[in-house]
Every structure is written in C-alpha cells, then in structure tokens.
Amino acid sequence: GGDSGTEGDDRMKWEMVRLGEVAEIVSGATPSRNNSEYWNGDIPWLTPKNIGNLNDPVVMDTTEKISREGLAKCSARLLPIGTVLFSSRAPIGHTAIAGIPLATNQGFKSLVPGRKVDSKYLYWTLISKKSEIIAKGRGATFKEVTKEIMEGVTIPLPPLNEQKRIAAILDKADAIRRKRQEAINLSDQFLRSVFLDMFGDPVTNPKGWEAGTIRDLVSEVKYGTSAKASSEGRYEILRMNNITYSGQLDLSDMKYIDLDGHDEAKYLARKGDLLFNRTNSKELVGKTAVYSFDEPRAIAGYLIRVRPNELANAEYIAAYLNSGHGKKILQHMCKSIVGMANINAQELQDIEILKPPVAVQNKFARIVDTVRRGRIEINSSLATMEVFLHLLSKTKLEA
C-alpha cells in the first residue's frame, strides 16, 4: 500500500525470491545445419558470441536467421521482447535484453519475466550476480549453468516502481560509462596521431631519422621470474594478461610473489621500464606497455623487462611496437608458428626502429603521461557503477 512509508520501510518490504518464481527459464536449441530449409528464414537466432561485446544491452538484430520450419523442428522457442538473455555456457554470463522476438541456441538460459519483475531490473540484477552464478557452473570439459541452478538463484525483489527506479539509475550510469569508454578509445586514437605527427610514418620515414635496431636504444633486457605466483606475497606480479593489446597496464586481476634480496634487482619493474609479452598466441605476442607507477611490481617469466639507455624513452619504443607498423613486424616474426608464439630477448633487440632525438621522444612521453592521468580519472568514475552493482548483489531481506 500507499506512499506513506519512508524509504527505509520500503526497503523492508524487499523480499528475496528465486528466479524461478518471477521468470520462466527457457533453454535454446540449434536446428540441423544439414537442412538448408531450416536456415536463412526470418526468425532472428542468437548465440552467446553475438552478445559478448554489445554497445547497447538491447539486441535489435542477429547475424543468423532461422526459418519457421527450423524453429518447429528443434526445441528452441520464439522469445518475446523484454526477455533477458543470459549465456549459460562457453562463456557463462553474457547478458542482454531481447528488443525483438528471437530464438537462441542451447548456450542460453533465457528469462521471460513474469508480472512481478521489470525486465531491465532483472538484467541489472543478473549482471550483479554474474560471478556467483558462474561459480555454480557444473561440468568437467566445459562449465554450464543448468535450468535448475538458474531457477534457484535468489534476488532481492523491491516493489515494481522501485525496480524501475533502480534500473533507470543503472541505465544512466551505464550510458556515462559508455561515453567514458569512448573517451578512452578517442585518447588512443589521439596518441596514435600525435605519434605520426611527431615521428612520421615509420615505413617511409619522411623526417629522415637515423635507422637502427632496438638494441641501440636499450641498456638492459631481462626475463621475468619463473617462480610461482600465489594469492599472497610481498609484491604484486605482472603477468601477460596484465598488458592489454593496445598497450595499457590492467591491474584488475593481480597475483603476488615473494622475492629475496638479490632477486629484487632482477625481477622488479620500476617506473619507465618497457614490458614486452614474449609468449602468447600469435595475435597477442608482443603486447608492450610502459611501467608508469612509483611502487615496484615483479614481472613473470612470459614478460621481458627492457630498460632504455640515454638515447631513448620507453614511451617511444612502446608506441612504435604498438603502432600498426609495429604489430605487422611482430606478426611477421611469428607467422610460421603453430600454437603459442615466442619472441625472445635477442629477436626483440634485432627489431628495426627509427632513432629520433631523445628530446623529441621525451616530449612525446610527456603528452602520453598527460593523457594517461586523464584516463585514471575516467577509470575511477567507472568504478562507482561497480560499487552500486555490488550493493545490489549483497542486498538481503531486512525484516
């Protein structure tokens, strides 16, 4: 009843409900690929891969379509607009909302909301519960979340108008997060154009810089430690997943290690070092970042730590290796390798590079540093939304 109660009283009315009580959980299926009449129809058909990287949580189209006959001949169902799509295997946890009637493959446990739950609220609640649901996955070869598991997941259920209010707040926060992500992408593009502007195209060398190899620009090249990292230790340790493809350091997933005195000099990265990922898949080998923090961190064996000499700034070498031209060189070095690719310290130092004056490199590094500081501010405001989602996942009945 009525609006007379305070917000605190409203909060006490939030019951905890099982998903199975407020939504119907529906699995999908794939029509036989051998029958061409089942495919290229007019029914949108979705796989988990299609919603792995959405700019907008609402799905308005799919890459593949099936025919009415295809739908009839398999156990998939046409799901209504507003269905919350949740990938239940390989990988678990991609989440979206159907903006059109569609069907899915068997990689989903889709939730058709009942009258008591708002579909946008359900979407955000599932995102906040993602890690909890992933942990419940079963199976030896690949993990899967069953229909029974999904039905048993409990969520807080405020009154419908409160659900809509929470969903609207999170939608707004998400729109801001997307704008900030865009700003980060633009800053990448900006730095690429600054690089070309200051140093010229590395292929044609219009500024006529002296050419040489990376060996000419470095004073020390060391492999990281092969000691095993764990969940505690004196130093955080940087591994290959801590370097992004575009050349940033991502410290969101860290492990730890202890080093004794004489190993510290060998395995710690200090501000201004270049970190190079020497072993990875062919596409990812050679990811390069500059270590830009004051406090030292250890580096793992799949990384090479490169210290520039007085002729170079690590930011220039990193930008060179992360440029389109640099990525092509690295790809070319790995092209004949099957499985994991490797570029060792000698091969890294043999890479050809232009040698602009260090004063120009330092000027470039100052611009990079300014952009990086702006990025840190953007990222800290992105964290606010994570906090809100975390609170939503922790809400319990306060009776």
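Predicted model: local features only at pLDDT ≥ 70, side-chain atom pairs only at ≥ 80, totals over all residues.
In the lining of the second largest pocket, α12 gives the largest share, with eight residues. The pocket itself holds about 830 Å³ of space. Its lining counts 28 residues, and the closest to the centre are Gln248, Leu249, Ser292, Phe293 and Arg372. Besides α12, the elements that give two or more residues to this lining are α7, β18 (288-290) and α9.

Let me turn to the largest nonpolar core. It has 35 residues, of which Ile214, Tyr316, Ile317, Leu321, Leu348 and Phe364 touch the most other members. Two or more residues come from each of several elements, including α7 (160-199), α9 (314-322), α11 (345-350) and α12 (358-394). The largest share, seven residues, is that of α9.

Which residues does isoleucine 214 touch, not counting those up to four places away in sequence? They are Ile317, Leu321, Leu348, Gln349, Ile351 and Ile353. Another core lies apart from this one; it has 27 residues, among them Val17, Ile133, Met150 and Ile155.

Finally, the sheet. Four strands form an open sheet in the order β14-β13-β19-β15, and the pairing is mixed. β14 (255-257) and β15 (268-269) stand at the edges with a single partner strand each, so one side of each has no neighbour in the sheet. For β15, two bridges join this strand to β19 (residues 297-299), and the two run antiparallel. Alanine 269 has arginine 297, in β19, as its bridge partner.

Conventions:
Residues numbered from 1 in each chain as written. Heavy atoms only, no water. Core = buried A, V, L, I, M, F, W, Y, C linked by side-chain atoms within 4.5 Å. Buried < 20%, exposed > 50% of the residue type's maximum accessible area, 1.4 Å probe, protein only. Contact = heavy atoms within 4.5 Å. Pairing = 2+ DSSP bridges. 1 Å grid on protein atoms, 1.4 Å probe; cavity = no way out; pocket = protein on both sides within 12 Å on 5 of 7 lines; lining within 4 Å. Points joined across faces, edges and corners; volume = space filled by probe spheres on them.
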